[in-house]
Amino acid sequence: MREPPVDATPEKLRHAPLTRRGHSFSDFQVGQVYEHHWGRTLTETDNVLFTSLTLHFNPLYFNAETARRRGQDRCPLNPLLILGTAVSLSVEDLSEASEAFLGLDDVRFLKPLYGGDTLSARSTVLEARPSSSRPGQGVVSWLTEGFDQRGELVLSFRRANLFQLEP
Amino acid sequence: MAAYFEDFSPGTMMRHPRGKTVSELDNVLLCNLMLNTADGHFNADSASRTSFGRPMVFGGVITALVVGLASEDTAEEALAELALDSVRFRRPVFHGDTLYAVTEVLEASPRGELAQPAGEVRFHHWGLNQTGEIVFECERTVLVAKRPTGTQP
């Protein structure tokens, strides 16, 4: 086994260059498109865990017989899981360096997903403006769209976050 | 009692009976599970140097919990979640805070062209914390099954 460099002191490690993540207010140009990283194959385990932990008591999401009676072959994924994952996939590109998540508008669940389906996300910058009520801060909003593995649109929403104007 | 489409009338208010204390486990597990990379939700050390001084609960978790707390009364017989509108995070939520949900029925419209008899119900949800402050609001539209024929309300 190779020995670590003898001069790797905590002091020296503190001065290693920091990998930066996230974008600041001035990085966002209206119309700019981000194709977000990774994608996520959502499993039935994810679905049951999420639905149980959030007390979502619609048996459509955790009882296969109920799902069949309601016209589905099996339990669809909880749409709140799809929404949270689509937002999460966009965080590094859009909001990791922001101050606060302000809200969502026009969230539309357009197509059900099932365990084993893969969600990917893309966002377009809609607006980047200084805040009228908070000096030194700005609001950025995006349109985010989530797609399945066939490229079909699964959900879409607008999101707004608060940023410092000068990072 | 299951809530079918016919049970919803505009103007009805509902205070949902259960609350949930948002534990660190809830927030961190769900954030990490969904691949939220913002460590303000799961790094207590860096969060100690922000204005709030501690990790904040992810809005996606707050939304899901408030909808979850309202779900038995609003979606036990739902066929699909259709939409969320005007979702607003009014105040930060921290590990250890307790969420409660209150709902107003805004609108109930029958839909004719579906394989299963159903209608759209639009709700306004409020999320409150343990001191009664409004931390969250949204409107939500759900497709709810009509009461099967031959069953009693």
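Me: How do you know that chain B is in contact with chain A?

Reply: In this predicted model, 34 residues of chain B are in contact with 36 residues of chain A. Contact here means C-beta atoms within 7 Å. On chain B's side, the elements giving two or more residues are α1, α3 (59–75) and β3 (78–89).

Me: What makes up that side of chain B by residue type?

Reply: It divides into 18 nonpolar, nine polar and seven charged residues. Gly goes with the polar ones, by the way.

Me: Why is β3 of chain A said to pair with β3(B)?

Reply: Pairing takes at least two bridges, and β3(A), residues 100–109, has four with β3(B), so the two strands qualify. The sense is antiparallel. As for who faces whom, Val107(A) stands opposite Leu84(B).

Me: Which residues of α2 in chain A are called buried, and why?

Reply: Asn47(A), Phe50(A), Thr51(A) and Leu53(A), in the helix spanning 44–53. The label needs 20 or more other C-beta atoms within 10 Å, so each of these four reaches that count.

Me: What covers them?

Reply: The cover includes α4 (79–94) of chain A together with α1 (24–33) of chain B. Just after α2(A), Leu55(A) takes a positive phi of about 55°.

Me: How much of chain B gets the buried label?

Reply: Buried residues make up 41% of its 153 residues.

Me: And what is the order of elements in chain B?

Reply: Along the sequence, chain B reads β-β-α-α-α-β-β-β-β, which comes to three helices and six strands. Among its contacts between residues at least 6 apart in sequence, 72% join residues at least 24 apart.

Methods. Residues are numbered from 1 along each chain as its sequence is written. Chains are lettered from A and ligands numbered from 1 in the order in which they are written. This is a predicted model: local features need pLDDT of at least 70, side-chain atom pairs count only at pLDDT 80 or more; totals for chains, interfaces and linings use all residues. A residue is buried if 20 or more other C-beta atoms lie within 10 Å of its own, exposed if 12 or fewer, and partly exposed in between; C-beta atoms are placed from the backbone. Two residues are in contact if their C-beta atoms, placed from the backbone, lie within 7 Å.
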